[in-house]
Amino acid sequence: MPVDEEHFESIPWSSLIPQTQDRPWLVYVAAGAVVALVVGIVAARGLGTAAPSTDPVATVATAPLAPADSPATSQPISEADLRAEIQPGESGSVTAAMRAEWFVTDYFTRDGAGGRDAELAGALGRPPPGTAPDVTTYVEWARAWETVNEGDGRYRVSVAFRAITDMEAGFSRGLVHGVAVRVQVGAHGGTRVVDLPEPVELPPSPTLASGPEPEPVPVGIADQARAQAASWGETATVLEGTRQADVWRVLVGVADEHGTVWPLTVWVDTDR
């Protein structure tokens, strides 16, 4: 062959890489497979635990927990129930008594202040009859003692009250009177006075048995009575006492912060 000719041979690149480099690639591939396997297991567990919370079948399976003989706790409410008047019960009676006491206080108070007729007209739904006389009268207190349900949200309330009137010599406290006031109570608790007050008799007082006769109060019992009355006033004087079994009923005169003496009853247990 001529000397100036050049010859080239092809050497594969893989023959230049040392044989010891094949093992790291295998390690990387194996590690990747392990990671993929772990991720797959975690994902499978996550899907397995989330599925029951969204599956409607599981909810249906846990529904019948109440006993078969348990009564129903709610009933459908009809439109007629929503529009009905307040049914007989404590709520309607209390509301009617409140309105009756309020109306009696306004009706029997005549002080010349403006707005009285407007208050009465608002309660009755119409202007009150008559005109206010030239006299000043205040209702000292008004209390309902009986409420009768007449049906359809209407109540007849018996009210006792006392008024004081301005006389020439000063205010005069009147007798306790009784009146009946009919009140309509609405479905939402609103009230309306149906008619003007009706005169009624007050309940009769019961007859009480006479108690024991007063007797001298022992010194120790008197000291205890004064100690118990000291919380109400600074000065307490023992007036009389009666003994009932192991208990003393002691009548004491107690002076308030203005110096007015009020007779009060103190009970003292002899076992103390």
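## Threonine 137 and strand β1

Threonine 137 lies in strand β1; helices (H or I, at least four residues) and strands (E, at least two) are DSSP runs, numbered from the N terminus. The model is a predicted one, in which local features need pLDDT of at least 70, side-chain atom pairs count only at pLDDT 80 or more, and totals for chains, interfaces and linings use all residues. Residues are numbered from 1 along each chain as its sequence is written, and side-chain values use heavy atoms, with hydrogens and water left out.

Threonine 137 counts as buried because its relative accessibility is 12%; buried means under 20% relative accessible area, exposed over 50%, and partly exposed in between (1.4 Å probe, protein chains only). Apart from neighbours within four places in sequence, threonine 137 is in contact with Phe108, Thr109, Arg110, Asp111, Ala163, Ile164 and Thr165, where contact means heavy atoms within 4.5 Å.

Threonine 165 has its place in strand β2. Its side chain and that of threonine 137 are joined by a polar contact of 3.3 Å. A polar contact is a pair of N or O atoms within 3.5 Å; within protein, one must be able to donate a hydrogen and the other to accept it, and residues adjacent in sequence count only if both atoms are side-chain atoms.

With neighbours within four places in sequence left aside, the contacts of threonine 165 are Val135, Thr136, Thr137, Gly170, Phe171 and Ser172. Threonine 165 and glutamate 140 are 25 residues apart in sequence, and their C-alpha atoms are 9.9 Å apart in space.

## The chain as a whole

The protein chain has six helices and eight strands. From the N terminus on, its elements run α-α-α-α-α-β-β-β-β-β-α-β-β-β. Of the 272 residues in the protein chain, 20% are buried. Among contacts in the protein chain with a separation of 6 or more, 48% are between residues 24 or more positions apart.

The mean pLDDT of the protein chain is 77, and 65% of its residues reach 70 or more; pLDDT is the predictor's confidence in each residue, from 0 to 100. Over residues 50-89, pLDDT stays under 50, and the model has 18 contacts beyond four places in sequence for this stretch.

## Two nonpolar cores

A nonpolar core is a set of buried Ala, Val, Leu, Ile, Met, Phe, Trp, Tyr and Cys residues joined through side-chain atoms within 4.5 Å. The largest one has 20 residues, of which Phe103, Val104, Val157, Val159 and Val181 touch the most other members. At least two residues of this core come from each of α4 (90-107), α5 (116-124), β1 (137-151), β2 (154-167) and β3 (170-185). The largest share, six residues, is supplied by α4.

Phenylalanine 103 touches Leu120, Ala123, Leu124, Val181, Val193 and Pro197, not counting residues up to four places away in sequence. A second, separate core has ten residues, including Ile221, Ala229, Val250 and Val266.

## The sheet β6-β7-β8

Three strands, in the order β6-β7-β8, form an open sheet with antiparallel pairing. β6 (235-244) and β8 (261-269) stand at the edges and have a single partner strand each, so one side of each is left without a neighbour in the sheet. From one strand to the next, the twist averages 25 degrees.

Two strands pair if DSSP finds at least two bridges between them; β6 and β7 (residues 247-255) pair in the antiparallel sense over nine bridges. In β7, glycine 253 is the bridge partner of threonine 237, and valine 254 is that of alanine 236. Helix α6 (residues 219-229) lies across β6, β7 and β8, at about 120 degrees to β8. Axes are lines fitted to C-alpha atoms, for helices over the stretch in contact, and angles run from 0 to 180 degrees between N-to-C directions.

## Two loop residues with positive phi

β6 and β7 form a hairpin with two residues between them, and alanine 245 in the turn has a positive phi of about 60 degrees, although alanine 245 is not a glycine. Alanine 245 is exposed, with a relative accessible area of 67%.

Aspartate 152 is placed in the loop between β1 and β2. Aspartate 152 has a positive phi of about 60 degrees although it is not a glycine. With a relative accessible area of 70%, aspartate 152 is exposed.
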